[in-house]
Amino acid sequence: MNELIYGLVTGIIFGFLLQKGRVIRYDKQLGALRLLDMTIVKFMFTSILVAMVGVYILKDLGIAKLSLKATVLGGNIVGGLIFGIGWALLGYCPGTQLGALGEGRWDAVWGILGMLVGAGIFAEMYSFLKRTVLQWGDFGKITIPQALGINHWIVVAAFVIIGILMFRFFEKKGL
Amino acid sequence: MEQKGNDKGWNPYVAGFLTGLLLIASVWFTGKYVGASTTFVRSTGFIEKVFEAERVGSMEYFKKEVPKIDWQFLFVIGIFIGSLIASTTSKTFRLQGVPDMWQERFGPGKAKRAIVAFIGGAVAIFGARLADGCPSGHGLSGSLQLAVSGYVSLICFFVGGIVVARILYKGGEGR
């Protein structure tokens with residue numbers, strides 16, 4: 001029961017911040033995909049970089065564990081590209097469309113209904129996909145520092161530098 | 001591109017930073033990394049169970065992702081509530097069935113938007129489940145842990161999305 005309450009509270013704060021950051025709207029999502037407005041990329045990468053530093057500190061202190069998804073190139077690449085196609089058509093992500101509905105953008109209802117149907121289609125095809133696409137390029141649960149064989153803080157530092165350079169570029173170009 | 005005023009939103013870096021802290025807190029206190037797309041699978045499982053409980057019970061994917069109310073389910077519902085609170089308290093809640101950018105390009109027709117959004121939703125969730133995550137599970141949680149799967153998927157989300165957004169808005173205003 002506690003777990004459910006934590007989930008709800010985390011979701012409420014997340015939804016609140018997404019709405020305040022103006023990142024859940026169709027115009028912002030498509031703005032990023034049309035390379036006109038990088039608001040969602042700024043929001044997303046700032047949160048990734050902050051959480052990356054925090055979570056790796058917690059991990060090094062033995063307080064938290066990583067929970068990695070396996071790298072299966074077939075699934076990640078083919079699925080990722082298919083997701084991108086749907087994302088550009090819908091203009092919302094699975095999580096953010098609930099936020100879009102929360103700020104009155106009720107066309108998100110069509111996306112939610114589409115997702116329920118799409119999830120059903122995926123479930124029907126799962127056995128087939130598991131035997132095919134999901135067998136291609138299975139590398140297991142790996143991180144970038146493991147793949148490169150270097151300390152994770154080197155990679156974290158590199159990402160922070162890349163992120164700051166990217167943000168500076170966006171601000172310079174007024175994106 | 002016009003910026004449409006500041007719309008009383010928060011700076012995306014500030015909202016992103018606070019979201020990063022939220023992600024760290026979630027991992028610290030509950031060990032949970034955010035995600036959203038599995039919830040649609042579980043929801044579909046619930047709905048299908050009403051009609052054919054036995055079949056759902058025997059399907060491989062619903063055995064893997066058992067239809068149940070879990071942390072993530074409440075997290076996704078929380079996003080709706082959080083966005084509702086943020087938008088109504090800042091007077092940015094607006095009932096809208098056709099996004100502004102969409103309307104400029106494709107006109108005010110609600111049916112056209114509904115059909116494309118529905119298809120987009122179905123395609124997006126299929127891709128997300130094949131990739132084993134969406135911009136929350138791979139984009140945020142995967143990337144912040146430096147998971148290879150997170151970055152491969154995230155890049156593919158954007159590649160698919162940018163290509164389709166370009167096709168949709170080709171010759172339109174902007175660029």
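This is a predicted model: local features need pLDDT of at least 70, side-chain atom pairs count only at pLDDT 80 or more; totals for chains, interfaces and linings use all residues.
Chain B contains eight helices and zero strands, and its elements follow the pattern α-α-α-α-α-α-α-α along the sequence. The C-alpha atoms of this chain occupy a box of roughly 50 × 40 × 35 Å along the principal axes. Of the 175 residues in chain B, 55% are buried. When contacts in chain B between residues at least 6 apart in sequence are considered, 55% of them join residues at least 24 apart.

Two domains are assigned in chain B, domain 1 (1–94) and domain 2 (98–175). The contact between them takes 14 residues from domain 1 of chain B and 14 residues from domain 2 of chain B. Their C-alpha centres are 17 Å apart.

In soluble globular proteins, nonpolar side chains tend to be buried together. The largest nonpolar core in the model comprises 91 residues. Those with the most contacts inside this core are A:Val41, A:Ile48, A:Met52, A:Trp87, A:Phe159, B:Phe40 and B:Leu146. Helix α3 (residues 39–60) of chain A gives the most to the core, supplying 13 residues. Both domain 1 (1–94) and domain 2 (98–175) of chain B give residues to this core, so the core lies between them. The surroundings of A:Trp87 include residues of both chains: with residues up to four places away in sequence left out, A:Trp87 touches A:Gln29, A:Leu33, A:Ile40, A:Tyr92 and A:Cys93, as well as B:Ala124, B:Phe157 and B:Phe158.

Individual residues give further detail of the contacts between the chains. A:Thr10 is found in helix α1 of chain A. With a relative accessibility of 10%, A:Thr10 counts as buried, because the value is under the 20% limit for burial. Apart from residues up to four places away in sequence, A:Thr10 touches B:Leu22, B:Ser26, B:Trp71 and B:Phe75. B:Ile69 lies in the loop between α3 (60–64) and α4 of chain B. The relative accessible area of B:Ile69 is 43%; this residue is therefore partly exposed, as the value falls between the limits of 20% and 50%. Beyond its neighbours within four places in sequence, B:Ile69 is in contact with A:Leu4, B:Phe46 and B:Leu74. B:Ile69 and B:Ser43 are separated by 26 residues in sequence, and their C-alpha atoms are 8.7 Å apart in space.

Rolling a probe the size of a water molecule over the atoms shows where empty space is left. The second largest pocket holds about 560 Å³ of space. Its lining consists of 28 residues, and A:Ser67, A:Lys69, B:Tyr33, B:Thr38 and B:Gln72 lie nearest the centre of the pocket. Helices α2 (37–58), α4 (71–89) and α7 (135–144) of chain B are the elements that give two or more residues to this lining. By class, six of the lining residues are nonpolar, eleven are polar and eleven are charged. Domain 1 (1–94) and domain 2 (98–175) of chain B both contribute to the lining, so the second largest pocket lies between these domains.

Cavities of 30 Å³ or more number two. The largest cavity has a volume of about 210 Å³. It is lined by 16 residues, with A:Leu18, A:Met44, A:Cys93, A:Thr96 and B:Pro135 nearest its centre. At least two lining residues each come from α1 (2–20) and α3 of chain A and from α7 and α8 (148–168) of chain B. This lining has 13 nonpolar, three polar and no charged residues. A:Cys93, one of the residues nearest the centre of the largest cavity, is also among the residues touched by A:Trp87.

The second largest cavity has a volume of about 40 Å³. B:Leu23, B:Ser26, B:Val27, B:Lys32, B:Tyr33, B:Val34, B:Ser141 and B:Leu144 form its lining. The elements giving two or more residues to this lining are α1 (12–30) and α7 of chain B, and α1 of chain B gives the most, with three residues. The lining divides into five nonpolar, two polar and one charged residue.

Key. Residues are numbered from 1 along each chain as its sequence is written. Chains are lettered from A and ligands numbered from 1 in the order in which they are written. Side-chain values use heavy atoms; hydrogens and water are left out. On a 1 Å grid over the protein atoms alone, a cavity is a set of points where a 1.4 Å probe fits but cannot get out, and a pocket is an open set with protein on both sides within 12 Å along at least five of seven lines; lining residues have an atom within 4 Å of a point. Grid points are joined across faces, edges and corners, and a volume is the space filled by probe spheres set on the points. Helices (H or I, at least four residues) and strands (E, at least two) are DSSP runs, numbered from the N terminus. Ala, Val, Leu, Ile, Met, Phe, Trp, Tyr, Cys and Pro count as nonpolar, Asp, Glu, Lys and Arg as charged, and the others, Gly among them, as polar. Domain bounds come from an automatic or database domain assignment. A nonpolar core is a set of buried Ala, Val, Leu, Ile, Met, Phe, Trp, Tyr and Cys residues joined through side-chain atoms within 4.5 Å. Buried means under 20% relative accessible area, exposed over 50%, partly exposed in between (1.4 Å probe, protein chains only). Contact means heavy atoms within 4.5 Å.
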